[in-house]
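Here are a few notes to read with the model open beside you. I'd start with a pocket and then turn to a helix.

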Amino acid sequence: MSTPDKQLSAEQSRQVAETIREEIARRRISRQSLAEQAKLSLSTLEKVLGGRRPFTLATTVRLEQALGVSLRKSQDIAPPPAAPINGDTAPDALGSYSRRAAAWLEGAYVTLRPSFGEKDSIYAYRTEISWDATASSLVFHEGEKLDAAYTQSGEVAVPNQSGFIYLVTNRHGQYRLITVSRPRITGEMYGIITTLLAGRGSLLTPIAAPIAFLPAKMVPNPSMGRISSDDANYAVYREHLRRTIDEPFALFLQG
């Protein structure tokens, strides 16, 4: 009788999927090609990358051999750590906020920023903010992105002193930072995103732009992806992005 293949935890599977998506984007290979190299079905690869099925140890090893990189951290093969003593309080580095005090931030948001590749267009996607008991903090996960390979997730800092909220992605020392205001009475948050723009080949260029988070309930029929002026939601989306600069929630200075 064969031994069942060990499954990775949900957090381990998420980290492995993110690393694989980064490798696919960096190498500019297709998922079909990777599946063939790893001797997996494309359906299996799509399901584990999409979070619909956890990674197994055997699947992970095959993908590591195909990519020639380690997808697992050393702690992935160790027993899971004990629950933190301060499980309802975020670490000091994130603002030491309690779960109860930050509960009003949890939920789904339609996220808007200017399109980096098409003038006057708007890029829209979904962001989920929720409490992660393992991390003992709020975390965010992006979804419904046109460029799924660049989907981001990370930690949420809510310090008392600045009055702003920070959505921080740290992947192997490479950062992306979103700084937004505390939610207005109706739940919107406005601010600035600082990230890297992918150009031709391996060229990356630092870029900053206004960003807006709208509670999902504010947009009954949201448009996702690259939104042009003929879209039904374009005018509303454009108004929210303009508010970021006009009120202003963020300043953009030219030297």
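This is a predicted model: local features need pLDDT of at least 70, side-chain atom pairs count only at pLDDT 80 or more; totals for chains, interfaces and linings use all residues.

1. Residues are numbered from 1 along each chain as its sequence is written, and side-chain values use heavy atoms, without hydrogens or water.

2. Of the 39 residues that line this pocket, Tyr-150, Gln-174, Leu-196, Ala-198 and Leu-204 are the closest to its centre. (A pocket is an open set of points on a 1 Å grid over the protein atoms alone, where a 1.4 Å probe fits, with protein on both sides within 12 Å along at least five of seven lines; lining residues have an atom within 4 Å of a point.)

3. (Helices, H or I of at least four residues, and strands, E of at least two, are DSSP runs numbered from the N terminus.)

4. Domain 1 (10-67) and domain 2 (92-247) both contribute to the lining, so the second largest pocket lies between them. Those bounds come from an automatic or database domain assignment.

5. Now for H4 (residues 57-67): Thr-59, Thr-60, Leu-63, Glu-64, Ala-66 and Leu-67 are buried, meaning under 20% relative accessible area with a 1.4 Å probe, protein chains only. Seen down the axis, they fall within an arc of 165°, so they line one face of the helix; the arc uses directions from the helix axis to the C-beta atoms.

Terms used. Buried means under 20% relative accessible area, exposed over 50%, partly exposed in between (1.4 Å probe, protein chains only).
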